[in-house]
Amino acid sequence: MLRNPVALGFAVVETTEDGVSVVHRHGASTFRTTYAMLPDTPRLEITVDADWQESEHLLKPSMPVAVHTLRARYETQYGSIERPAHDNTLADEAQYEVCSHRWVHVAEPGLGVGVVNDSTYGCDVRRIPGGTDLRPTLLRAPRYPDRRPTGGGTRSVSPWWPGTTRPRGRRPTTGRGT
């Protein structure tokens, strides 16, 4: 049930029973991003429903947070790995995207954010004025080597957990039975 749709020049903002949704178009694609705070949980859930019709593009939402850090921790197959959140050297710059299985975590003393994902396997984290920018890769449309890009209707759910420790073993769930 939609409530109070507000048309902006580039998007439509709606309040729903689940949270706040923003609908916008880019190129031939349409996106609905829903932001929800679930009852009795300390998390913000961001759901992106996309009708992805692009070619030779990546979809990487930019999610700035007020966490000042030099490193980010990413879950890997048998544990986790730390990578720099800056590009001071050519080696740092070459790590513009890091493999991450279920989560990425950034923290400073007393403040941290963990992003759990259900469908992405790459993320880049960079320092920005005022904090850190997390950019998970949600969709891709390469021409080579994979000529079968992600396309059509897709859904990605990313719960954001506050905390200075990493999200140890938490499985990505939406809290809605999906």
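Trainee: Is Phe31 buried or exposed?
Mentor: The model is predicted, and the answer is a computed one. The relative accessible area of Phe31 is 5%.

Trainee: How many aromatic pairs does the structure hold, and which residues form the pairing?
Mentor: The count for the structure is 1 aromatic pair. The centres of its two rings are 6.2 Å apart. The partners are Phe31 and Trp52.

Trainee: How are the ring planes of Phe31 and Trp52 arranged: stacked, edge-to-face or tilted?
Mentor: The planes of Phe31 and Trp52 make an angle of 55°. Stacked needs planes under 30 degrees apart and edge-to-face needs over 60, with the rest in a third class. At 55°, the pair of Phe31 and Trp52 is therefore tilted.

Trainee: Which strand supplies the largest share of the lining of the largest pocket?
Mentor: Phe31 is one of the residues that line this pocket, and Thr33 and Tyr35 are among the others. The strands β3, β4 and β5 each supply at least two lining residues. The largest share is 3 residues, and it comes from β4.

Trainee: How many of the residues lining the largest pocket are charged?
Mentor: The pocket holds about 270 Å³ of space. Its lining includes Val22, His24, Ile46, Val48 and Leu138. The lining divides into 9 nonpolar and 3 polar residues, and the number of charged ones is none.

Trainee: Which residue meets Glu14 in a salt bridge?
Mentor: The structure holds 8 salt bridges, and the side chain of Glu14 takes part in one with an N to O distance of 2.7 Å. The pair links distant parts of the chain, 18 residues apart, with Glu14 in strand β2 and its partner in strand β4. Glu14 is buried at 8% relative accessibility. The partner is partly exposed at 30%, and that partner is Arg32.

Trainee: Which residue of β3 is the bridge partner of Glu14?
Mentor: Strand β2 covers residues 11-15 and strand β3 covers residues 20-26. The two strands pair in the antiparallel sense over 5 bridges. In that pairing, the residue of β3 that partners Glu14 is Ser21.

Trainee: Which residue in the hairpin of β2 and β3 takes a positive phi?
Mentor: This hairpin has 4 residues between its strands. The positive phi lies near 155°, and the residue with that value is Gly19.

Trainee: What is the N to O distance in the salt bridge of Glu45 and Arg43?
Mentor: Glu45 is buried, with a relative accessible area of 1%. Arg43 is also buried, at 6% relative accessibility. The side chains of Glu45 and Arg43 meet at 3.5 Å.

Trainee: Which strands stand at the edges of the open sheet of 4 strands?
Mentor: The sheet has the order β7-β14-β13-β10, and its pairing is antiparallel. An edge strand here has a single partner strand, so one side of it is left without a neighbour in the sheet. The strands in that position are β7 (63-65) and β10 (98-99).

Trainee: Over how many bridges do β13 and β14 pair?
Mentor: Strand β13 covers residues 122-128 and strand β14 covers residues 131-136. Cys123 has Pro136 as its bridge partner in β14, and Arg127 stands opposite Thr132. The strands form a hairpin with 2 residues between them, and Gly130 in the turn has a positive phi of about 90°. The antiparallel pairing of β13 and β14 runs over 6 bridges.

Trainee: How many of the 6 residues of β14 are buried?
Mentor: Besides its pairing with β13, β14 pairs with β7 in the antiparallel sense over 3 bridges. In that pairing, the bridge partner of Met63 is Leu134. Strand β14 is largely enclosed by the rest of the structure, because the number of its residues that are buried is 5.

How values were computed:
Residues numbered from 1 in each chain as written. Predicted model: local features only at pLDDT ≥ 70, side-chain atom pairs only at ≥ 80, totals over all residues. Heavy atoms only, no water. Pairing = 2+ DSSP bridges. Phe/Tyr/Trp six-rings, centres within 6.5 Å; stacked < 30°, edge-to-face > 60°. Buried < 20%, exposed > 50% of the residue type's maximum accessible area, 1.4 Å probe, protein only. Salt bridge = Lys/Arg side-chain N within 4 Å of Asp/Glu carboxyl O. 1 Å grid on protein atoms, 1.4 Å probe; cavity = no way out; pocket = protein on both sides within 12 Å on 5 of 7 lines; lining within 4 Å. Points joined across faces, edges and corners; volume = space filled by probe spheres on them. Nonpolar A, V, L, I, M, F, W, Y, C, P; charged D, E, K, R; others polar.
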